[in-house]
Amino acid sequence: MRRHIKNNVSWVGYIDWELEKFHGDDYSIMNGSSQNAYLIEEGKNILVDTVWTPHRFNFVENLKKEIDLKKIDAIIANHGECDHSGSLTALMAEIPDTPIYCTANAVKSIEGQYRKQGWNFNVVKTGDTLDIGNGKKLIFVEMRMLHWPDSMATYMTGDNILFSNDAFGQHYAVEELFNDKANQCLLNKEAMKYFANILNPFAAILTKKLEEIGKLNLSIDIIAPSHGAIWRDNPLQIVKKYSEWANAYQENQVTIIYDTMWEGTTKIAHAIASEAAKQNPETVVKVFNIAKADKNEIMTEIFKSKAIALGSPTVSNSILSSVAGLIEFAKQLKFKNKKAAAFGCYGWSGESVKILQEKLKDSGFNVVDENIKSMWVPTEEDYEKIPALVTALLA
């Protein structure tokens, strides 16, 4: 069913309470999500985005209850990814000649996924407009690489609504739709997790794009993203947060991450955590066993941290596969201005610490020289090295 957003703008999306994974199994969903689509009914009727492919038939049937599909004058496809465009095949089967406004790259991605259907694409770029009647228009803003090459945002004049697509969203189900109705702790947590795990690799691009949007001098009363809560109460708060997060963000936090075989590496991890809390009680200290914790939650904590310590025992002259996978993921996310240290146990060859240091450097971390390399199980001599390691991380 439709939900009123403002004046003649309604939400017609899908709240996905049961969703647990996204991007295949690469992103964990802890508190549900939503695919937000919007219906504008002015002089012209405009549909902004659709919902994910599994819900396409329900989406079209529900939309029919709100409007005669033949009265839809245009469709805005802000992004070609299937969680936004996935209902197009079912919708266009009903109204095949309806114009679709999108970027040139969106044409490529949509036709790449659904093949060439002869749809009426209208390519737009930043600054292009669409008159929707009643003195209002849509202004298109390309958001290339935020987070696909085809992404864009759409601004509606008069009502001052920015349909921001993936920017400023969260994977978070809010039945009441709006940010002021959401649990604020969960909202902020999920917004940061979304940024850290999806948008952080494009932080430099995002900073420039925020500056570009600012120069357009658009009054923004509502930011309506494609996932999660709609920002109507002080909507620019999330823009301010994005500006902070995109600038090599860190808090006064140290995160210790490890996996273990026979608990020796665990003991070192816990000892590092205790020493960090001792040396600086104001520093937040968190510890995660990679094999038992959610990787996206870990990445969010790394994003918040000024320093990390990463541990693995040596196995087959290398490191545990769980640790290798995590550091490869961290490399993808391109964290900046964070220190790191390595630690681990070994039985006979002992390569893990050196490999961890190399991989951390390759992933953009500033690796300190201090490390803990313990044979079999940590000894008092090993524990005596931990204060210097922690001092180097906290410096």
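## Largest pocket

The lining of the largest pocket comprises 9 nonpolar, 9 polar and no charged residues; here Ala, Val, Leu, Ile, Met, Phe, Trp, Tyr, Cys and Pro count as nonpolar, Asp, Glu, Lys and Arg as charged, and the others, Gly among them, as polar. This is a predicted model, in which local features need pLDDT of at least 70 and side-chain atom pairs count only at pLDDT 80 or more, while totals for chains, interfaces and linings use all residues. Residues are numbered from 1 along each chain as its sequence is written, and side-chain values use heavy atoms, with hydrogens and water left out.

The space in the largest pocket is about 330 Å³. A pocket is an open set of points on a 1 Å grid over the protein atoms alone, where a 1.4 Å probe fits, with protein on both sides within 12 Å along at least five of seven lines; lining residues have an atom within 4 Å of a point. Grid points are joined across faces, edges and corners, and a volume is the space filled by probe spheres set on the points. Among the 18 lining residues, Met 261, Trp 262, Thr 314, Tyr 346 and Gly 347 are the closest to the centre of the largest pocket. Helix H8 (264-279), strand E20 (314-315) and strand E22 (339-346) each give two or more residues to this lining; helices (H or I, at least four residues) and strands (E, at least two) are DSSP runs, numbered from the N terminus.

## Second largest pocket

The second largest pocket has a volume of about 200 Å³. It is lined by 16 residues, of which Met 1, Trp 11, Val 12, Gly 13 and Asn 62 are the closest to its centre.

At least two lining residues come from each of strand E3 (14-16) and helix H1 (56-66), and H1 provides the largest share, 5 residues. The lining of the second largest pocket divides into 8 nonpolar, 4 polar and 4 charged residues.

## Packing of H5 and H7

Helix H5 (residues 184-199) packs against helix H7 (residues 236-245) at an angle of about 45°, with their axes 11 Å apart. Axes are lines fitted to C-alpha atoms, for helices over the stretch in contact, and angles run from 0 to 180 degrees between N-to-C directions. H5 is therefore oblique to H7, given that angles under 35 degrees count as roughly parallel, over 145 as roughly antiparallel, 65 to 115 as roughly perpendicular and the rest as oblique.

In the contact (heavy atoms within 4.5 Å), H5 contributes Asn 188, Ala 191, Met 192, Tyr 194, Phe 195 and Leu 199, and H7 contributes Ile 238, Lys 241, Tyr 242 and Trp 245. These residues comprise 8 nonpolar, 1 polar and 1 charged.
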